[in-house]
Amino acid sequence: MNSCCSFLQSSIGKKLLVAITGVMLIAFVIGHLIGNLQFFAGPHVINEYGTKLRHLPFGGLWVIRIGLLAAVLLHIATTILLVIENRKAKGVGYVKKGSVQAKIATRLMALSGILLLSYIVFHLLHFTTHTVSPEFANWKDGEDHDVYRMIVAAFSNKAISIFYIVAMVLLAMHLSHGAASLFQTLGLRTKKMACCLGGCAQIFAWVICAGYVSIPVAVMAGFYEKKHISAASEPSCCAETPAPKPAAPAAKEAK
Ligand code: HEM
């Protein structure tokens, strides 16, 4: 136990912790994207998927949620500790030509990380707790929560769609640098492979970004099941009753 604590207090231990929590978050981002892409398979597929997630055995969803929260908090706290340690080790005012690029990358990582965290908080208030749009909570597709209608309603608002797209671009920037550093921390990056791994990290990050961005773009382009949305928007009291005919004009206006 003691040796484990002193390992985590060491610089390499902290780097390893950032890498492990990073892998957990990358796994979530991939899994969440695969789940979300079921949007293109139609309302019932994604709505059933949402219900299955919520009813995972042994409170599986809560295990995932708590695991994710722990990974996010550890990832952020350990990164902050590493930055403080690095600054102390180099001393204030230390300027080295070769490290300028690394400094910019670190600052970009910190900035994109903070912005992503703010995005995730908004995203949870929007789609999980429905605090931003409380009406989402009552939308049903049979027994399932109508996740499809919620996504269409959310992204029909252009400002929200653009906000999500910007967040996905930030995610790609954070992922591309993070995935490349991951190989270095795990000792998998040799000089020969550095370029290839950097390229793979870039491709991976931008493919993930394109996958997520495709959903708001599809909604804005009107590429969704309009029948499902109009049927769901009909007030349930009137769904069966035909709409009353408009009253005939009492008399034609004389010209
Ligand atoms: C177009 C992009 C995205 C869409 C359409 C989307 C959709 C959703 C939906 C529908 C839910 C709620 C599921 C439910 O409770 O029924 C959700 C939850 C969540 N999303 Fe996203 N998401 C997107 C991007 C992201 C990204 C990029 C991240 C992380 C970097 C993320 C992180 C989360 C988290 C942490 C939850 C909470 C999971 C839970 O506790 O249930 N999402 N998302």
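Figure 1. Among contacts between residues at least 6 apart in sequence, 76% join residues at least 24 apart, in what is a predicted model. The chain holds nine helices and two strands, and along the sequence these elements follow the pattern α-α-α-α-α-β-β-α-α-α-α. Of the 255 residues in the chain, 19% are buried.

**Figure 2. The largest nonpolar core.** This core has 30 residues, and the ones with the most contacts inside it are I151, M168, L171, A172 and C209. Helices α6, α7 and α8 each supply at least two residues of the core, and the largest share, 11 residues, comes from α7. Around A172, when residues up to four places away in sequence are not counted, the contacts are with A205, W206, I208 and C209; A172 and C209 are both among the residues with the most contacts inside the core.

**Figure 3. The crossing of α6 and α8.** The axes of these two helices come within 9 Å and cross at roughly 75°; an angle from 65 to 115 degrees counts as roughly perpendicular, and α6 and α8 are therefore roughly perpendicular to each other. In this contact, I151, V152 and F155 of α6 meet I215, P216, V219 and M220 of α8, so that by class the contact has seven nonpolar residues, with no polar and no charged residues.

**Figure 4. The packing of α1 against α2.** Helix α1 (residues 2–9) packs with α2 at an angle of about 85°, with the two axes 4 Å apart, which makes α1 roughly perpendicular to α2. From α1, the residues F7, L8 and Q9 meet G13, K14 and L17 of α2, and by class the contact of α1 with α2 has three nonpolar, two polar and one charged residues.

**Figure 5. Two loop residues with positive phi.** F58, which lies in the loop between α3 (43–54) and α4, has a positive phi of about 55° although it is not a glycine. With 7 C-beta neighbours inside 10 Å, F58 counts as exposed, because the limit for that class is 12 or fewer. H130 is placed in the loop between α5 and β1 (140–141), and its phi is near 60°, a positive value in a residue other than glycine. With 17 C-beta neighbours inside 10 Å, H130 counts as partly exposed, because a residue is buried only if 20 or more such neighbours are present.

Note on methods. Residues are numbered from 1 along each chain as its sequence is written. This is a predicted model: local features need pLDDT of at least 70, side-chain atom pairs count only at pLDDT 80 or more; totals for chains, interfaces and linings use all residues. A nonpolar core is a set of buried Ala, Val, Leu, Ile, Met, Phe, Trp, Tyr and Cys residues joined through C-beta atoms within 7 Å. Two residues are in contact if their C-beta atoms, placed from the backbone, lie within 7 Å. Axes are lines fitted to C-alpha atoms, for helices over the stretch in contact, and angles run from 0 to 180 degrees between N-to-C directions. Angles under 35 degrees count as roughly parallel, over 145 as roughly antiparallel, 65 to 115 as roughly perpendicular and the rest as oblique.
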